Amino acid sequence: MAGPTPAESLMGGKGYHPELPPTPVLSSTPTPQNERRRYRIATELVHSEHRDQYGASSMPVYQSATFYQEGANAGGEYDYTRSGNPTRTQLERHLAKIIGCEKCFAVSTGMSALDVVTRVLKPGDEVVTGDDLYGGTNRLLKYLESHNNIVVHHVDTTDLEAVKKALNSKTAMALLETPTNPLIKVCDIKAIAETAHQANKECLVVVDNTMMSPLFQAPLELGADVSYESGTKYLSGHHDVGSTCHCLKYPSRI
Ligand SMILES: Cc1ncc(COP(=O)(O)O)c(C=O)c1O
């Protein structure tokens, strides 16, 4: 049987599993959520395995809009860059590893991530969220209330009893920003996630993790279903990247 190609060897040899997020990491105590963690986050951050054909140590930036196909009926992995390209795949795989999620999608901004996530809401659905939120989030929720008949309850999410009162079987989403922007209010993601799933097991617990970054807070490990970040803040570190990602624990639910 043919051994690994030189590029595969560079990328991890035998342990290279293209179907898994790169460098599957196991932390000291594996759990269902973090079973891929093996090294400390600082190590994981600098280890970015990818499938570049020449084994480039840094993922090349693919600027091509379109990709040649093998034939009329033989679609390749990529065809049109809006649907995906190798650079974006690598970013998503790297973030999935760091965030500890099943699936990560990179989109252009934090607001587009929230827009994508809130598309699951149907008229009549209820959302429980904070009373201090990033302005754009407030505006998007107002739009959904006035145009899509979504019912939004704003409560002080630092008060678990207040959150419990607002949750009910119609709560389709608990949207938590923690710490909040601008008042830096911190809520108990784990307790709220448990209560929200008790009120409605289908309820999606979504966390805007912008203010903490995956380095300091792992919402999915605390029971959230979706975590997203505005890439212009701590995720990029230099305030020079406009992007975001949203990461799902259970992709099939969205
Ligand atoms: C907490 C928080 N969430 C979301 C956003 C929106 O992100 P973006 O500006 O990338 O659309 C911001 C932007 O300031 C933010 O501070």
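Predicted model: local features only at pLDDT ≥ 70, side-chain atom pairs only at ≥ 80, totals over all residues.
**Figure 1. Overview of the fold.** The protein has nine helices and seven strands. Of its 254 residues, 36% count as buried. Among contacts in the protein with a separation of 6 or more, 61% are between residues 24 or more positions apart.

**Figure 2. The largest nonpolar core.** This core has 41 residues, of which M173, A174, I192, V205, V206 and C247 touch the most other members. Strand β4 (residues 171-177) provides the largest share of the core, with five residues. Domain 1 (1-100) and domain 2 (106-253) both give residues to the core, so it lies between them. In soluble globular proteins, nonpolar side chains tend to be buried together.

**Figure 3. The contacts of V206.** V206 is one of the core residues that touch the most other members. With residues up to four places away in sequence left out, V206 touches V117, M173, L175, A224, D225 and V226.

**Figure 4. Helix α3 and the residue that follows.** Helix α3 spans residues 86-99, 14 residues in total. From its first C-alpha to its last, the helix reaches 20 Å, close to the 20 Å expected at 1.5 Å a residue. The buried residues of α3 are P86, Q90, R93, H94, L95, A96, K97, I98 and I99. After α3 comes G100, whose phi is positive, near 75°.

Figure 5. The peptide bond from T178 to P179 is cis, with omega near -5°. A cis peptide bond also links N181 to P182, with omega near 20°. P179 is placed in the loop between β4 and α7 (189-199), and P182 lies in the loop between β4 and α7 as well.

**Figure 6. I184, an exposed residue of the loop between β4 and α7.** The loop between β4 and α7 also holds I184. I184 counts as exposed because it has 10 C-beta neighbours inside 10 Å, where the limit for an exposed residue is 12 or fewer. I184 and D132 are 52 residues apart in sequence, yet their C-alpha atoms are 8.7 Å apart in space.

Figure 7. Although N149 is not a glycine, its phi is positive, about 60°. N149 is in the loop between α5 and β3 (151-155). N149 is exposed, with 12 other C-beta atoms within 10 Å. S213 is likewise not a glycine and has a positive phi of about 70°. In contrast to the loop position of N149, S213 belongs to helix α8 (residues 213-216). S213 is partly exposed, with 16 other C-beta atoms within 10 Å.

**Figure 8. S57 and D79 in the loop between α2 and α3.** S57 is found in the loop between α2 (41-46) and α3, and D79 has its place in the loop between α2 and α3 too. S57 counts as exposed, with 9 C-beta neighbours inside 10 Å, whereas D79 is partly exposed, with 14 other C-beta atoms within 10 Å. From C-alpha to C-alpha, S57 and H47 are 9.6 Å apart in space, and they are ten residues apart in sequence. D79 and A65 are 14 residues apart in sequence and 8.3 Å apart in space, C-alpha to C-alpha. With its neighbours within four places in sequence set aside, D79 is in contact with T66, F67 and Q69.

Conventions
Residues numbered from 1 in each chain as written. Helix = DSSP H or I, 4+ residues; strand = E, 2+ residues; numbered from the N terminus. Expected span 1.5 Å × (residues − 1). Buried ≥ 20, exposed ≤ 12 C-beta atoms within 10 Å, placed from the backbone. Core = buried A, V, L, I, M, F, W, Y, C linked by C-beta atoms within 7 Å. Domains from an automatic or database assignment. Contact = placed C-beta atoms within 7 Å.
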